[in-house]
Amino acid sequence: MFRVRPFVLFSLCCFLFWSHISFGNLITCSGIVPMRYRSDKVSIADFGGVGDGRTLNTKAFREAIFRIQHLRRRGGTLLYVPPGVYLTESFNLTSHMTLYLARGAIIRATQDTWNWPLVAPLPSYGRGRERPGGRYMSFIHGDGLRDVVITGENGTIDGQGGIWWNMWRQGTLRFTRPNLVEFMNSRGIIISNVIFRNSPFWNIHPVYCSNVVIRYVTIVAPSDSPNTDGIDPDSSSNVCIEDSFISTGDDLVAVKSGWDEYGIAYGRPSSHITIRRVTGSSPFAGIAVGSEASGGVEHVLAENIVLYNSGIGVNIKTNIGRGGFIRNITVTQVFMENVRTGIKITGDTGDHPDNRFNPNALPYVKGITLKNIWGVRVQQAGSIQGLKNAPFTGICLSRINLHGRTGPRSPPWKCSDVSGAAIEVSPWPCAQLTSPQQTGSCASHF
Ligand SMILES: *[C@@H]1O[C@H](CO)[C@@H](O)[C@H](O)[C@H]1NC(C)=O
Ligand SMILES: *[C@@H]1O[C@H](CO)[C@@H](O)[C@H](O)[C@H]1NC(C)=O
Ligand SMILES: *[C@@H]1O[C@H](CO)[C@@H](O)[C@H](O)[C@H]1NC(C)=O
């Protein structure tokens, strides 16, 4: 008789588990934005660019991009940045271009904070995110563009953010710090095979954009660098983020849509956001929604996420005065190790732009599905704390196992003003989440 040895069974089991996570039908962001081949190519060297780490290349970048913008070539133009360190002030991209960083190419931001140009505040924030008034323009900026690619052979965009982090620490910032890369009102954007290092503030910020693909990127900043979020899709739709490593001083990916009364008035949601195969470490959250979500956030899928040495694994955060909605959010296939809190869904996070926010503008949180989440060395499994006058509903937790350092007993979950279901969750969450009688998953209603 044929005998199956335990080892074979064990291997098969592991294979099925891991194949589901790593090798099963590899779904990708391809197709959201067509990849462009550009036959017209120019090099930054043709415009006087010098990669010696000292020469200021602002004029070279601005002239090269001016040429691309005004001598419009069929199919657009590729701007090649050869190996070397290219110091420059901030610059704007233009439509139908590829910024191509060769292997060993570094585009490095100057530290001249006094001459850094200002731009208007985002209407959905009403002011700069950290200081009133305008905000410093992003190091690499794009407004009203289409068909833009930033790619290459894993060259680096270096924000040299230290000087900005110190201004924040010392309270000497006059305006909100610059993002490393921001696209506003743009569509058809691809960012791939690039390393982002030491952003002054958020790293990659697509705001009021659609059809954005970010893949094969590495984003790194020290864990104590303030507000260096990895990727913040903000009031944007059809954003796909995949196969990336992010380790920064704030949330790795945070889906946003504006701030309190300004975000409510602007009313532009983030929707159809996909995040998959992202690995990294954050002192705050791995995958976050909010806390600025006043225009609404819906149809978010995050899957195959690996987090280690982090503050919070999955964090959905909003506040009184935010208004908006957070609905149809699914986070699945997450592995986390050495994390302070596994899952945190809360209605009391973040600050307000001013005291004109409407205390009756309550967020509506419904239809959050978290499943297949496995954590080891998790200090606190989770907490779900809705708002008294706006309870969070349709919260579905399924197949979740979050355990602490010292064996199977973690501190209990904290729940309030929440309803939904829990299936195979260990440690057991709380009485507010019911265990549905039928097997299978808890259907999310929103
Ligand atoms: C870059 O774009 C910003 C915002 O659109 C604009 O205010 C600024 O004048 C532009 N800078 C240059 C050098 O074109
Ligand atoms: C760039 O880095 C990514 C992510 O680490 C990797 O998958 C890719 O193969 C690298 N690409 C090149 C051209 O070296
Ligand atoms: C929920 O969001 C997912 C994307 O994560 C989308 O595919 C699905 O259609 C959405 N469901 C509904 C009912 O809109």
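This is a predicted model: local features need pLDDT of at least 70, side-chain atom pairs count only at pLDDT 80 or more; totals for chains, interfaces and linings use all residues.
Modeller: Residues are numbered from 1 along each chain as written, chains are lettered from A and ligands numbered from 1 in the order written, and side-chain values use heavy atoms, without hydrogens and water.

Biologist: How far from an oxygen atom of ligand 2 does a polar side-chain atom of asparagine 154 lie?

Modeller: Arginine 103 has a side-chain N or O atom 2.9 Å from an oxygen atom of ligand 2. For asparagine 154, the distance to a ligand oxygen atom is 2.4 Å.

Biologist: Which strand gives the most to the lining of the largest pocket?

Modeller: On a 1 Å grid over the protein atoms alone, a pocket is an open set of points with protein on both sides within 12 Å along at least five of seven lines, and lining residues have an atom within 4 Å of a point. The lining of the largest pocket has 22 residues. With three residues, the strand that gives the most is E21.

Biologist: What space lies in the largest cavity?

Modeller: A cavity is a set of grid points where a 1.4 Å probe fits but cannot get out. The search of the whole structure finds one cavity of 30 Å³ or more. Residues lining the largest cavity include Leu122, Trp202 and His205. Its space is about 100 Å³.

Biologist: Which residues of H2 are buried?

Modeller: Helix H2 covers residues 58–70 and reaches 18 Å from its first C-alpha to its last. An α-helix has 3.6 residues a turn, so residues three or four places apart point the same way. Buried means under 20% relative accessible area. In H2, the buried residues are Thr58, Ala60, Phe61, Ala64, Ile65, Arg67 and Ile68.

Biologist: Is aspartate 46 buried or exposed?

Modeller: Aspartate 46 is found in the loop between strand E1 (40–43) and strand E2 (52–56). Exposed means over 50% relative accessible area. Because its relative accessible area is 56%, aspartate 46 is exposed.

Conventions. Helices (H or I, at least four residues) and strands (E, at least two) are DSSP runs, numbered from the N terminus. Grid points are joined across faces, edges and corners, and a volume is the space filled by probe spheres set on the points. The expected span of a helix is 1.5 Å times one less than its number of residues. Buried means under 20% relative accessible area, exposed over 50%, partly exposed in between (1.4 Å probe, protein chains only). A polar contact is a pair of N or O atoms within 3.5 Å; within protein, one must be able to donate a hydrogen and the other to accept it, and residues adjacent in sequence count only if both atoms are side-chain atoms.
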